[in-house]
Amino acid sequence: MQPLAHSRPAEGTSFPTAANRSEVIWLVAEEVPVAFEYNRRAHAVMMATPADLEDFALGFSLCEGILGAKDDVDDIRVRHAADGIVLSIACDPLKLLKGSLRQRSMEGRSGCGLCGVDSLANVLRPPRPVTATFAPDAGAVAAAFARLHEHQPMNRANRSLHAAAWCDPSGRIRMAREDVGRHNALDKLAGALAAAGHDRSAGFAVLSSRCSFELVQKAAAVGIPLLATVSAPTGLALTLARSAGMVLAARAPGDGVMLFR
């Protein structure tokens with residue numbers, strides 16, 4: 001089976017004005033079921049964009065607290081099945097963090113960071129303490145926001161994907177990942193950072209989405225000290241960020257940036 005593309009053409013009709021209609025072809029994003037297996041044990045199924053899947057497997061494992069480090073992963077296999085994709089992660093069973101394979105249903109929506117968690121007791125995880133090796137700067141965050149669109153090639157094609165980008169302290173974007181789900185995009189970025197051996201305390205992440213508590217939990221799990229999002233954080237996201245020692249940022253009117261400490 002050929003690898004699934006991240007988008008496909010779709011015909012439609014454009015209506016810029018009542019008197020001016022035209023037939024157009026857009027590219028629409030692919031969204032496929034992606035199943036996670038740990039040592040052949042089924043864990044969760046996420047709806048995701050079929051790109052950067054090895055990064056997704058590693059990043060999801062780290063962000064969800066299933067494994068503690070890149071070296072805990074022995075092997076990642078991507079298997080294309082009739083109904084989607086299976087990410088098979090092999091690891092030493094002793095490396096699986098206690099309680100990390102939380103009970104889940106086997107379905108997770110692309111926009112849902114809870115990934116099928118089946119009880120209230122499994123929703124909130126105390127965030128890990130995070131330390132930055134640089135001073136957060138609103139100007140650097142604004143610079144990253146201004147260039148984020150340049151690092152979203154898939155979104156330019158299909159107009160429907162989120163991005164998560166990694167920036168140095170000056171706000172220069174060093175890498176980015178895209179996905180139909182904002183949580184998936186952050187997982188993919190976290191996996192790419194871990195695979196490349198980047199020091200997460202020496203930079204920050206910018207996302208093309210709002211900031212919910214799940215994103216804070218994921219960022220804290222991999223040691224990201226500053227998380228910048230287009231919209232302001234929720235109250236719970238801010239509470240968790242403060243308990244972890246993280247700084248949150250959001251766009252403000254007039255191309256400004258608000259830092260939440």
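Me: What is a nonpolar core made of?
Reply: A nonpolar core is a set of buried Ala, Val, Leu, Ile, Met, Phe, Trp, Tyr and Cys residues, joined through side-chain atoms within 4.5 Å. The general idea: in soluble globular proteins, nonpolar side chains tend to be buried together. Now the case here, which is a predicted model. The largest nonpolar core has 51 residues. F36, F56, L87, V216, L227, M246 and L248 touch the most other members.

Me: Which residues does V216 touch, leaving out those up to four places away in sequence?
Reply: V216 touches C211, L227, A237, L240, A241, M246 and L248. There is also a second, separate core of 19 residues. Its members include L148, A163, A228 and A249.

Me: Let me step back. How many helices and strands does the protein have?
Reply: Six helices and 12 strands. Of the 261 residues, 50% are buried. Take the contacts between residues at least 6 apart in sequence: 54% of them join residues at least 24 apart.

Me: How do I read a sheet? What is the strand order in the open sheet of four strands?
Reply: Start with the general idea. Strands of a sheet pair through backbone hydrogen bonds, either parallel or antiparallel. In this sheet the order is β4-β3-β6-β5, and the pairing is mixed. β4 (41-48) and β5 (73-81) stand at the edges with a single partner strand each, so one side of each has no neighbour in the sheet. On average, neighbouring strands are turned by 20° against each other, direction ignored.

Me: Which helix packs on this sheet?
Reply: Helix α1, residues 53-63. α1 touches β3 (32-38), β4, β5 and β6. The direction of α1 makes about 55° with that of β3.

Me: In which sense do β5 and β6 pair?
Reply: Antiparallel, over eight bridges. β6 spans residues 84-91.

Me: What about the open sheet of six strands: what is its order?
Reply: The order is β8-β7-β9-β10-β11-β12, again with mixed pairing. Here β8 and β12 are the edge strands, each with a single partner, so one side of each is left without a neighbour in the sheet. Neighbouring strands in this sheet are turned by 20° against each other on average, direction ignored.

Me: How do I find the buried side of a helix? Which residues of α2 are buried?
Reply: In α2 (138-147), the buried residues are A140, V141, A144 and F145. Their arc is only 140°, so they sit on the same side of α2. Among the elements covering them are β7, β8, β9 (204-207), β10 (226-229), β11 (247-252) and β12 (256-260). At the start of α2, a side-chain oxygen of D137 comes within 3.0 Å of the backbone nitrogen of G139.

Me: Apply that to α6. Which of its residues are buried, and which are exposed on the other side?
Reply: In α6 (235-244), A237, L238, L240, A241 and A244 are buried. They fall within an arc of 165° seen down the axis, so they line one face of α6. On the other side, G235, R242 and S243 are exposed. The cover over the buried residues includes α5 (213-221), β11 and β12. G245 follows α6 and has a positive phi, near 85°.

Conventions: Residues are numbered from 1 along each chain as its sequence is written. This is a predicted model: local features need pLDDT of at least 70, side-chain atom pairs count only at pLDDT 80 or more; totals for chains, interfaces and linings use all residues. Side-chain values use heavy atoms; hydrogens and water are left out. Buried means under 20% relative accessible area, exposed over 50%, partly exposed in between (1.4 Å probe, protein chains only). Contact means heavy atoms within 4.5 Å. Two strands pair if DSSP finds at least two bridges between them. Helices (H or I, at least four residues) and strands (E, at least two) are DSSP runs, numbered from the N terminus. Axes are lines fitted to C-alpha atoms, for helices over the stretch in contact, and angles run from 0 to 180 degrees between N-to-C directions. The arc is that of the directions from the helix axis to the C-beta atoms. A polar contact is a pair of N or O atoms within 3.5 Å; within protein, one must be able to donate a hydrogen and the other to accept it, and residues adjacent in sequence count only if both atoms are side-chain atoms.
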